[in-house]
Every structure is written in structure tokens, then in C-alpha cells.
Amino acid sequence: MSRILVIGCGGVAQVAIQKACQNDEVFTELMIASRTLSKCDELKEKIEKSGSRTKVTTAKVDADNTEELVKLIRSYQPEAVLNVALPYQDLTIMDACLETGVHYIDTANYEPEDTEDPTWRPIYEKRCKEKGFSAYFDYSWQWAYEERFKKAGLTALLGTGFDPGVTSVFAAYAKKHYFDTIDTIDILDCNGGDHGYAFATNFNPEINLREVSAPGSYMENGKWIEIPAMSIHREYDFEGVGKKDMYLLHHEEIEALGRNMPEVKRIRFFMTFGQSYLDHMRCLEDVGMLSTEPVNFNGTEIVPIQFLKALLPDPASLGPRTKGKTNIGCIFTGKKDGKERSIYIYNVCDHQECYREVGSQAISYTTGVPAMIGTMLVANGQWKKPGVFTTDEFDPDPYMEALNKWGLPWKVVENPTLVD
Ligand code: NDP
């Protein structure tokens, strides 16, 4: 019996909310609050038609404004807030949760909207030098809330999407049931979906293209190693998808796993990209279309990447067109009872099945389901402890069980093909 406030009503939120309302024995009351109220109302109507017993209400909120959030939380009095807005709002929402005594859950770590912000930039530059990776997002901002959440007796669960989220639960599960020591972790994110367009992005083009064109990095013996974008490439044969090219990227769970499992010697993250996507991206980058600097065109100032966004298909419109599967998981190597061991834990998800169930493609589905599961485990007390945590810091078993139950079944394969 839980009353939950969900902030955001985009791709991931739509799935997390619909799954929470399927799970109406746990989520008895739920408020959807976002910037555009009409989206929240439309979703409420869809849920009411589905026969869910969850009592849904809606509100408009600007999640950049802590005072507005505090007011909303005080009036609704939820037990927990699920933040599925954008990473830009993580800190304002955590502040509001602390002020009102409510648990906090999200799916992505903090990153500022304005990377030239003079209160943020020098701290970022210092971190780049000290830690050795240059991504705009990192955990330091949210880990800094540890003492305050602990003191308030509140839980902050960070990054309960698929990657990060499920991938870190897979690591905790491997450690608990399969290994005495883990030596290496390779996280493989494969999207074998085809939307029929020569070029489109599965989520916000600006964020997507910024992530993909940034330097990659991985952790070896506790140290970050940064490499030029797309410079480490491998081919892998994925169940349900087939052979795909994948590239090493920086990703946020490497940072948390590196801290929480320091015995692991190497942690890497790979994502698949088709040749057409990469050719288009390189070409757009070469001609300046990915630039965020405004240019003057016939007397009008335009930002190239924003203009590009207007030309590209809306990611939300890809759902009905996308066919194929995703395959996301982790390969672990290490030792058990003195012997070498390797396992692969992964989930295969079908874009069209997701669309039939909740009206979204698999990228939103594989994030929204774990967001609901993390919220459920905090709300029902199984993952409730004071402080700020990532998903590898709890007992993985109830989470793994819930993945099977709520639409993301997983498999463990012994002796998989390793990535060299
Ligand atoms: P969308 O852009 O589809 O949705 C974001 C939602 O947040 C929109 O409804 C938007 O409102 C709302 N919003 C934005 N700013 C504010 C604000 N200031 N106040 C209130 N509401 C606001 O994003 P996604 O659903 O694709 O992603 C949601 C989160 O999930 C992101 O943090 C993303 O990084 C994360 N993610 C995590 C993954 C994982 O595996 N861990 C994978 C994919 C995403 P409006 O409707 O008005 O635009």
C-alpha cells in the first residue's frame, strides 16, 4: 500500500507509471506531475481505461524549482518520489525530498543543463583532472547527499533503469551466487531494433548525439582510461539479434561499480551502432550540424543541433515502426572455489511486444520497468535503508525476481564468448 509521486511524463515515465498501475496492490495511489499537464492527464485517462485500481491524480510542476516541489510534496504526502524527468532536476528533487522527509528514486545521475555554469564548470574541470574521465555526468554531486539522507533516515536509490540499474543488480547477483571474486565486467548494450529510417535517435537527439560523440572510457585497476570517441570497436553475436558492431563508451555504472567492487580489475561498457547511424553522425559532425553554438542564417539566429532536431523523426513516433529486439547484459569473469569461471547474464526484449503492451518501444520499456521495481522495493521496505545508494548495494534477489515477473526475464549462460 503505497502512495507515490512520479515526476516527469516522457518516454520512460509513461512505462514506469503504467507498470506501477498494473502493480496496483503495491501502488495504491500515484500522482503524475510534470511540466506539461496535458500529457499527465492523457496518461491518467489511458490508465483509468485499463481497469487499474491505482488512484491516479495529476499536477503541473516545475521540477527545477525546489520550493514548488516542496509545496507539491507537502500537499500530496507521498512516501517516495520517483524522478523520471531529466538528470538536470536530480538535485532540486533530492533537496525537496530531504525537506519533506520523503524517499528519493531516479534513473540517471546528475548533469547540469548549462555546462558553462560558472558554479559547476571549475568543479567539473578539477574532477576531470583528478579522476581522468571527462563526461559531464558523475555521481559526486549525489553521493555528497549521503550524510543528509542518512541523518534524515531516508533512502535515495540512484540509477534504477536498465543501464545503469539492472546491469548493477546483475553484478551484485553474480557476486552473491556465482563468484568468490569477480575479475572483469563487460556490460553489453545491444539495440537490434530497426525503425526503417536511415537516421533517427531513440531518445532526445541532443543528449544522444552528445553522449555518442564524447570520448569513451573504462576502468582498469581502479583507474580511468579515456580513449577517443568510437576508437575501440568489437563485433559480438547477440542472442535474439545476431552479429553487431559495438563500441566502447563511457557509462555511469562503471563509476559506481568501480567504487563498490574495488576488487574488479577491469570494467567496460559497449553499445552497438549500425554503420548507417555512424556514417550520418560523422557527416553531421563534420559539417557542423551537431554544434550547440548559435549561427546567423538570413538574419535569424539558429542553433544547428536544435535545427537538426526539428528535421529528425520525433523519438516518440518510432514506437509503432520499430521492429526487432534489444539484448542488454553483463559478462563476468572471475573465480569460484579456486577455479576460473565466466558467466553472461542478459535480457532480450522485443520492441513490438513492448509497443503492444504499453505503447512504447523497448528502450523506454527496459528503463521504465526497473524504475517501477526500484520504487516498489524502497516502498515495501526490502530496499529501504538510510543513505544514498546505487542498485548494486542491496540484496539483488528480490529485484531479479521482480524482473522476471514484470516483463524483463533474464538468463544466465555459463562460459559465454568473451570480448577480447
Ligand atoms: P523524456 O524527454 O521523454 O521525458 C522527460 C520528462 O520530464 C518530460 O515529460 C518532460 O516534460 C519532463 N520534464 C523536463 N524538465 C522538467 C521540469 N523542469 N519540470 C517538470 N518536468 C520536466 O525523457 P526520457 O523519458 O527518455 O528519460 C527520462 C529519464 O530517464 C532521464 O533522466 C534519462 O536520462 C533516464 N534514462 C535512463 C536510462 C537507464 O537505463 N538508466 C535509459 C534511458 C533514459 P515535457 O513533457 O514538458 O517535455
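**Exercise 1.** Which helix gives the most to the shell around the ligand, and with how many residues?

*Solution.* Some ground rules: you're looking at a predicted model, where local features need pLDDT of at least 70, side-chain atom pairs count only at pLDDT 80 or more, and totals for chains, interfaces and linings use all residues. Residues are numbered from 1 along each chain as its sequence is written.

Step 1: find the shell. The ligand is surrounded by 30 residues (C-beta atom, placed from the backbone, within 6 Å of it). Gly8, Gly10, Ala63, Ala108 and Gly161 are the closest.

Step 2: look at the helices (DSSP runs of H or I, at least four residues, numbered from the N terminus). Helix 1, residues 11–22, gives the most, with three residues.

**Exercise 2.** Work out how helix 8 and helix 10 are arranged: roughly parallel or roughly antiparallel?

*Solution.* Step 1: get the angle. The axes of helix 8 (residues 166–177) and helix 10 (residues 252–260) come within 10 Å and cross at roughly 30°. Axes here are lines fitted to C-alpha atoms over the stretch in contact, with angles from 0 to 180 degrees between N-to-C directions.

Step 2: apply the cut-offs. Under 35 degrees counts as roughly parallel, over 145 as roughly antiparallel, 65 to 115 as roughly perpendicular and the rest as oblique. Helix 8 and helix 10 are therefore roughly parallel.

Step 3: spot the contact. Thr167, Ser168 and Ala171 of helix 8 meet Glu253, Ala256 and Leu257 of helix 10 (C-beta atoms, placed from the backbone, within 7 Å).

How values were computed
Helices (H or I, at least four residues) and strands (E, at least two) are DSSP runs, numbered from the N terminus. Two residues are in contact if their C-beta atoms, placed from the backbone, lie within 7 Å.
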